[in-house]
Amino acid sequence: MGKNIKGGQPAADAAVRIGFGGMAWIVAASISAITGVLYYYENTVYLNVLHKLPNPDYAAVAALQTENAFYYSYYNEMVEADSVWDGLKGIIWDRRTEYPDVLNAIRRFNVYQEIVVGLEYRWLRSFGVPLPHPFDFFRGNLLVLNGVGQAGLGLLAAEISGNPLAGAACLLASFINRFQISRLGNYTSSDLRELWGIPLLWVQVYFLWRLVLGSRRSTSDKNSRTLWVCFIATTFAFIVSWQFSPFLLLLQAAALYFVCLVAGYGNIRRLVSKVIDAYILALMLAVAVHFASPYLLTSPFFFQLVALKVSTSVFCCRRQSLPASRGSWLMGRLADVGEGLVALVGFVLVRKALAPFATADTHVYEILCTKVSAVNDMLPQWMQLQQEQLPACAEPSFNANLYLIMGVFKLLEWSSVQVYLDSGAGYAAAGSILLVLVRCLASTVLREPQGRPKKEPEVDQSTNSSSSVKVSANDGLRQRKGEAPAANGQKQSPASRTDDRQPDGDDAEAGEAEDAALLFFVVQFLLFLLLGSLVNRLRVAFGPPMMVLAAAVCGPRLFPLQVQRRWPKVLRVAMLAGFAVQMLLMTRHLPCLTDGEGICQHTADKFSNDGDLLDLYDWINNVVKPGTPVLASMNLAGSMRAFTHVPMIIHPQFESENLRSRVQRAYELYSCGSEASFAQTMTELKAKVVIFE
């Protein structure tokens, strides 16, 4: 089927949509939306266990523990406050979290989602809309957001593969690997920060993918402006929602810069500069709404943005200044090395300059440094370093040990890797990565050398200009051999035909932008995989992109452009058959790989001692005098803030040097010291009641 491109639209704009013109994109978007809805209902099944409890209050206590309850408490305050101002005042001038200090919870914690959902609940209630229990309403909003994130993953899978049906494969692969790529279905993890941030990240990645794919389009184009606005908005929302977002954005920016600088895709250089500006804008907006949060201003992402802005500004015009010849290649690579060194030195200098103020996330570096010892132990004996050769921080500090006692902060477990392999997702994702690398290598080898003048074909001037637009095989709108678009019944001049194996300039540049987009997604995934391998909890960052790559393996877009042009029909038929086989193989694993995985694990009977917590909260609310400061463990303090009225002295949100000092003093009680030291600790921390498990 053919498609005319109206005057004024660049030919590259058509070439960008490989296999995704018109109806194909509508089909992909529709399937992706359906997968989002199915994911919403999938999680309602997982969380149905809470409906077996006597009432929603009990369900909230069971589902909201430690940091989950801590964050939820701000939503609860917003809902129960006499007015919106009273609710905001209690959050901005928070006297219940680090007694006797008064802190700004918006500045210190990522609780905007709790505030927004609380305002939504109050607004609907003011109109008399029948609403469920506040906890059910809150959880419903979270599930809807994650459904949107799943839809974004499905659309990414479809566009990366060029197969509009790939969204269904992405959902099926995710379903089989669910427990290894998400914690949403775990009923005791109902308000983790990553549950809000990760779906926003997938939507943001989709917009960035589209920007890289269409990097040749003018920013004045209406669609381009919309993409930029959406990209900035989702980046801002991601930063605001999760305190760990700067680390993932750092890796994302590094992946994009790597593709431009190291992989040699200089055609996206201008886009990279604009993305850096967009990052800076989103980060500054987040700093503003967080009341100049020092955590954001001293994050490694901020250091990176300063360094990249300097390096790209210094070398902004070097491409234009080089002569267009083969000899310019060496000079270009030397300039790339220089630019990379400027960025690296800039990062180090900025970090060193702000090191005295960057105290909020020192525990993160301490945790990551301990991985040196863990990785060293995994090496063969002859490769292992001696203990004295390891850095001093490889020995876990007190702060690091508080996290490392939990398995989710250790290295990625082999059992998780085994699930990825047994489900076939790991092998399929590896296949997609290999195809992308082969495609990029083939494009590089066969690319027309820059600087060689291209012979312009002679075009019959009588031919209507609308028929002379060249539509590549990448557009998914193939022409039969010997046929060409024509206007008013006129035949196309032989000189104006484009050989399938020799793309014109617009087509070649669009294909190069597509190579860059595919390589960016792969590099970003590999960086996320590295981080998730070091911190088991962060498998939520690489697990979903792995499912996207697994679903994309049977897509024509991953193959070299030369293959797509030479055998378009054969390739599509082969990919469709491969997709059918892939879906059939995955359905063999339903409903779950083992009884301990996926839906089988999530729907199994649950046992807990939450009844004891209910008794404790009831005693505090009815016996302990209001305003009595309580010193409890980090885990218990988070829950108590949500379900009792007393002020707490410590809490589970660890991004504060002052709080870490308090926790270290409080946890000395576990060492069973003297009564005098116990009394001294209580006096120093202003505690009247002490509750430790």
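1. The crossing of helix 11 (193–213) and helix 12 (222–241) is left-handed, a term used when the near helix is turned anticlockwise from the far one by less than a right angle, with right-handed used if it is turned clockwise. The axes of helix 11 and helix 12 come within 8 Å and cross at roughly 155 degrees, where axes are lines fitted to C-alpha atoms, for helices over the stretch in contact, and angles run from 0 to 180 degrees between N-to-C directions. Helix 11 and helix 12 are therefore roughly antiparallel to each other, given that angles over 145 degrees count as roughly antiparallel, under 35 as roughly parallel, 65 to 115 as roughly perpendicular and the rest as oblique. Among the residues of helix 11 that meet helix 12 are Trp196, Leu200, Phe207 and Leu211, and those of helix 12 include Leu227, Trp228, Phe231 and Phe238; contact here means heavy atoms within 4.5 Å.

2. The model is a predicted one, in which local features need pLDDT of at least 70 and side-chain atom pairs count only at pLDDT 80 or more, whereas totals for chains, interfaces and linings use all residues. Residues are numbered from 1 along each chain as its sequence is written, and side-chain values use heavy atoms, with hydrogens and water left out.

3. The chain holds 31 helices and two strands, which are DSSP runs numbered from the N terminus (helices are H or I with at least four residues, strands are E with at least two). Of its 693 residues, 52% count as buried, where buried means under 20% relative accessible area, exposed over 50% and partly exposed in between, with a 1.4 Å probe and protein chains only. The accessible surface of the chain comes to about 31,500 Å², and 63% of that belongs to carbon and sulfur atoms; the areas come from the Shrake-Rupley method with a 1.4 Å probe, and for residues only the protein chains shown count as cover. Among contacts between residues at least 6 apart in sequence, 76% join residues at least 24 apart.

4. Helix 11 also packs with helix 13 (residues 245–261), at an angle of about 15 degrees and with the axes 13 Å apart. That makes helix 11 roughly parallel to helix 13, and helix 11 passes helix 13 in a right-handed crossing. The contact is made by Leu201, Gln204, Val205, Leu208 and Val212 of helix 11, together with Leu248, Leu249, Gln252 and Leu256 of helix 13.

5. Helix 7 (residues 112–126) has 15 residues and reaches 21 Å from its first C-alpha to its last, close to the 21 Å expected at 1.5 Å a residue, the expected span being 1.5 Å times one less than the number of residues. Its buried residues are Gln113, Glu114, Ile115, Val117, Gly118, Tyr121, Arg122 and Leu124. They pack against several helices, including helix 4 (67–80), helix 8 (134–161), helix 11 and helix 12. Helix 7 is followed by glycine 128, whose phi is positive, near 75 degrees.

6. Helix 2 (residues 23–46) has 24 residues that should span 34 Å at 1.5 Å a residue, and its end C-alpha atoms are 35 Å apart, which agrees. The buried residues of helix 2 include Ala24, Ala28, Ile31, Thr35, Tyr39 and Tyr46, and what covers the buried residues of this helix includes helix 8, helix 9 (166–176), helix 10 (178–181) and helix 27 (598–602).

7. Glutamate 597 is found in the loop between helix 26 (568–587) and helix 27, and at 10% relative accessibility it counts as buried. Glutamate 597 and arginine 178 are 419 residues apart in sequence and 7.8 Å apart in space, C-alpha to C-alpha. Leaving aside residues up to four places away in sequence, glutamate 597 touches Phe179, Gln180, Val419 and Cys592. Proline 591 has its place in the loop between helix 26 and helix 27, and the peptide bond from leucine 590 to proline 591 is cis, with omega near 0 degrees.

8. Some further backbone features deserve a look. Most residues other than glycine have a negative phi, and most peptide bonds are trans. The peptide bond from tyrosine 99 to proline 100 is cis, with omega near 5 degrees, and proline 100 is placed in the loop between helix 5 and helix 6. Alanine 292, although not a glycine, has a positive phi of about 55 degrees; this alanine 292 lies in the loop between helix 14 (269–289) and helix 15 (294–297) and is partly exposed, with a relative accessible area of 37%. Lysine 686 has a positive phi of about 60 degrees although it is not a glycine, and at 44% relative accessibility lysine 686 counts as partly exposed.
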